[in-house]
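We will go through it together, part by part.

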Amino acid sequence: MADLQQLELDAVARIGAAADLSALEGLRVEFLGKQGSVSALLKTLGGMSPDERQSQGPLINGLRQSVSDAITARKAALEAAELEAKLAGETIDLTLPAPDSARGSVHPVSQVMDELAEIFADMGFAVATGPEIEDDWRNFTALNIPETHPARAMHDTFYFPDEKRAGPAAGPGEGGRMLLRTHTSPVQIRTMTAQEPPIRIIAPGRVYRSDSDATHTPMFHQIEGLVIDKGINLGHLKWTLETFLRAFFERDDVVLRLRPSYFPFTEPSVEVDVGYTVIKGKRVIGGSEGWMEVLGSGMVNRKVIEACGLDPDEWQGFAFGTGVDRLAMLKYGMDDLRAFFDGDIRWLRHYGFAALDVPTLSGGVGA
Ligand code: PHE
């Protein structure tokens, strides 16, 4: 019995002194493992006389229990200490000075897209998106640009190999050749076929045309606008564009000029110019000394509304589309579009925007 007490004292003392979890695990095996000393004592119970067993049983079991309790307690203590040490090591020293300047900046294209989303959200427009790999039906046919239409050639389309055709879901009764969308207008089709009017959306995104010079890159960004409702007319279009362009350029003297034009998917179609004034040899938006084309628009063609399964006698609307990169160039004064996509860190430092400076109508949508 004295042996058992001594064994318990020793075991508990060694367990209490275990330096870490792996040392503790070693002790657990030593005492309670299959070949462990306490386990061996438990096994002796089987060979005892009933009397012996009655006196020794509780003692040996008590020993096993205290060793096991000691291990549990030590384990909890070691784990708590380990967590404590980890937390202490991860402390942020708030007394250290901040970096000299903020790192990284928001690309002007992202900035302008955020500005546009903010301006149109205020007018009740939701943001819609569509895939950049589009089918022929949504990019052209449903927009009243049939196969033989010269506008197809004008778009300098990147087509995928002919075998990659869209399934029957691409449009009523036809599969379509796949292509990189040449404009954001297919999102008009996607929206009209997916949701019931009234519709008020803008759709910003990448578009692709096989074209490249100082003002054209094979990939660029557009933003589409679409309103479908009852009794919509050209006046609504003009007010919307005027409100948008004044908010975007942050000037009340933005003057618009609407010129008759042609797009297969709008009828009538209007091209929109903004007036500028020349100040110290530079064109500044505002006034009407000269005109710059900024977007294409018009009343949604009846044929497009029909292609989307809506009744054009019930629903009318307007649509517009414009180049996001071009808007950025006009507002922030860059002159070479190619620089937008060069990834030159010096250009980004110069033209980029502070990451935490989110555009808001109240705080200013610009820089
Ligand atoms: N999709 C036309 C383009 O890329 C722009 C546009 C959109 C014109 C909507 C009218 C209405 O040139």
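What follows is a walk from the overall layout to a few local details.

This is a predicted model, in which local features need pLDDT of at least 70, side-chain atom pairs count only at pLDDT 80 or more, and totals for chains, interfaces and linings use all residues. Residues are numbered from 1 along each chain as its sequence is written, and side-chain values use heavy atoms, with hydrogens and water left out.

Let us begin with the layout. The domain assignment gives domain 1 (2–89) and domain 2 (108–351); such bounds come from an automatic or database domain assignment. Taken over C-alpha atoms, the centres of domain 1 and domain 2 are separated by 76 Å.

Now to the interior. In soluble globular proteins, nonpolar side chains tend to be buried together. A nonpolar core here is a set of buried Ala, Val, Leu, Ile, Met, Phe, Trp, Tyr and Cys residues joined through side-chain atoms within 4.5 Å. Buried means under 20% relative accessible area, exposed over 50%, and partly exposed in between (1.4 Å probe, protein chains only). The largest nonpolar core has 43 residues, of which Phe244 and Leu245 touch the most other members. Elements that each supply at least two residues of this core include helix H5 (108–122), strand E5 (219–229), helix H9 (234–249), strand E7 (266–279), strand E9 (290–300), strand E10 (316–323), helix H11 (324–332) and helix H12 (345–351). Helices (H or I, at least four residues) and strands (E, at least two) are DSSP runs, numbered from the N terminus. Apart from this core lies another, of 24 residues, among them Leu179, Met192, Ile201 and Trp315.

Which residues does Phe244 contact, leaving aside its neighbours within four places in sequence? They are Leu116, Ile119, Phe120, Met123, Leu295 and Leu327, where contact means heavy atoms within 4.5 Å. Helix H11 is largely enclosed by the rest of the structure, because 7 of its 9 residues are buried. After H11 comes Gly333, with a positive phi near 75°.

Turn next to the ligand. It is surrounded by 14 residues, the closest being His183, Ser185, Arg209, Gln222 and Glu224; a residue counts as near a molecule or strand if one of its heavy atoms lies within 4 Å of it. Strands E5, E9 and E10 each supply at least two residues of this shell, and the largest share, 3 residues, comes from E10. A polar side-chain atom of Ser185 lies 2.9 Å from a nitrogen atom of the ligand. On the oxygen side, a polar side-chain atom of Arg209 lies 2.9 Å from an oxygen atom of the ligand, and one of Gln222 lies 3.0 Å from an oxygen atom of the ligand. A polar contact is a pair of N or O atoms within 3.5 Å; within protein, one must be able to donate a hydrogen and the other to accept it, and residues adjacent in sequence count only if both atoms are side-chain atoms. Taken alone the ligand exposes 330 Å², and the protein buries 90% of that. Accessible areas come from the Shrake-Rupley method with a 1.4 Å probe; for residues, only the protein chains shown count as cover.

Some loops deserve a look too. Asn301 sits in the loop between E9 and helix H10 (302–307) and is buried, with a relative accessible area of 11%. Its side chain reaches the backbone nitrogen of Lys303 at 2.9 Å. Not counting residues up to four places away in sequence, Asn301 touches Asn144, Pro264, Phe265, Thr266 and Glu267.

Two of those partners lead onward. Asn144, in the loop between helix H6 (136–139) and helix H7 (150–154), has a positive phi near 65° although it is not glycine, and at 19% relative accessibility it counts as buried. Glu267 is joined to Pro268 by a cis peptide bond, with omega about 0°, and Pro268 has its place in strand E7. Another cis peptide bond joins Pro197 and Pro198.
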